[in-house]
Amino acid sequence: MKQADSPTYHIPVLLNETVEGLHIRPGGVYVDVTFGGGGHSREILHRMDARSRLYGFDQDADAEKNIVDDARFTFVRSNFRYLRNFLRYYGIDGLDGLLADLGVSSHHLDAAERGFSFHSNAPLDMRMNARAGQTAADVINRYEESRLADIFYLYGELKNSRKIASLLVKERTSRPIETIPQLLHLIKPLFGRDRERKELAKVFQALRIEVNQEMDALKEMLQTATEVLKPGGRLVVVTYHSLEDRMVKNIIKTGHIHGGYEQDFYGNIVTPFRAINHKVITPDEMEMEKNPRSRSAKLRIAEKK
């Protein structure tokens, strides 16, 4: 397929830092599990030799418009939680590097009809894969009140999660909540004007995570990475909120998603990784000014022992 002409689908975050973190080797096999606009993948290809291979994963049909026309590249239209299955399908027994730029892309936020942004006048959708699965409207209108409250608390870290859930459940008894303007009209009065924007972002984050089962998918992908990366292979992950970052930090530090750990005879934590950067890498002022999405980005890099 032809490479997309527009570079504005998604501005890659921490581009040089992430690709350098992969420590690309001659003849290596690499995976970009969040292909999106292809920005990271194009830079990886630029630094690869003729014998190397790159696989790009994305479940969003829109991402296919950005497929790179390069014999060394293979696009996989799938959620990265199925990484293991596709590596087996392509006969790959080990990776030299895996890159993940998590979170919602600038394309999703700009595509009003997808319902990711609270600035849009659109249906409550929020599906990364628009061809399947439940929408944000389904979650709001079908979940029990306690489950809704848990989602807003766990995924949005909202202190008034129970109040939000109660309000939505009460409203939906008279009519379904199906659009972004409907939702905003209901919940805006719950937030002070000074924190309204941040709180609304948390509500939308919580719904998006639930709709796309992002935490489960990330857990499966990270666990697979511990098994398929070769010794010396790099794990490079950009996170955007504390839930993601905590999971990535745990897998690097202990080899376990939830932070439980084992110790050797000398009391050292047993982990399959060696942290390359002990302090998270964040964008500089220039990048944050050019790309506001990067403001909350944190980069962690680890090497398989």
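The chain as a whole averages a pLDDT of 91, and 92% of the residues score at least 70. This is a predicted model, in which local features need pLDDT of at least 70 and side-chain atom pairs count only at pLDDT 80 or more, while totals for chains, interfaces and linings use all residues. Residues are numbered from 1 along each chain as its sequence is written, and side-chain values use heavy atoms, with hydrogens and water left out.

**The sheet**

- Strands β5 (residues 229-239) and β9 (residues 298-304) run antiparallel and are joined by 6 bridges, where two strands pair if DSSP finds at least two bridges between them.
- Valine 236 has isoleucine 301, in β9, as its bridge partner.

**Two packed helices**

- Helix α6 (residues 145-156) packs against helix α7 (residues 161-172) at an angle of about 140°, with their axes 8 Å apart; axes are lines fitted to C-alpha atoms, for helices over the stretch in contact, and angles run from 0 to 180 degrees between N-to-C directions.
- The two helices α6 and α7 are therefore oblique to each other, the term for angles that are not under 35 degrees (roughly parallel), over 145 (roughly antiparallel) or 65 to 115 (roughly perpendicular).
- Residues making the contact include Leu148, Phe152 and Tyr153 of α6 and Ile164, Leu168 and Val169 of α7.

**Two buried residues**

- Serine 78, in the loop between β3 and α3 (83-89), is buried, with a relative accessible area of 7%, where buried means under 20%, exposed over 50% and partly exposed in between (1.4 Å probe, protein chains only).
- Leaving aside neighbours within four places in sequence, serine 78 is in contact with Phe57, Asp58, Gln59 and Phe86.
- Glutamate 214, in helix α10 (residues 214-228), is buried with a relative accessible area of 11%.
- Not counting residues up to four places away in sequence, glutamate 214 touches Met128, Arg208, Ile209 and Glu244.

Methods:
Helix = DSSP H or I, 4+ residues; strand = E, 2+ residues; numbered from the N terminus. Contact = heavy atoms within 4.5 Å. pLDDT = per-residue confidence, 0-100.
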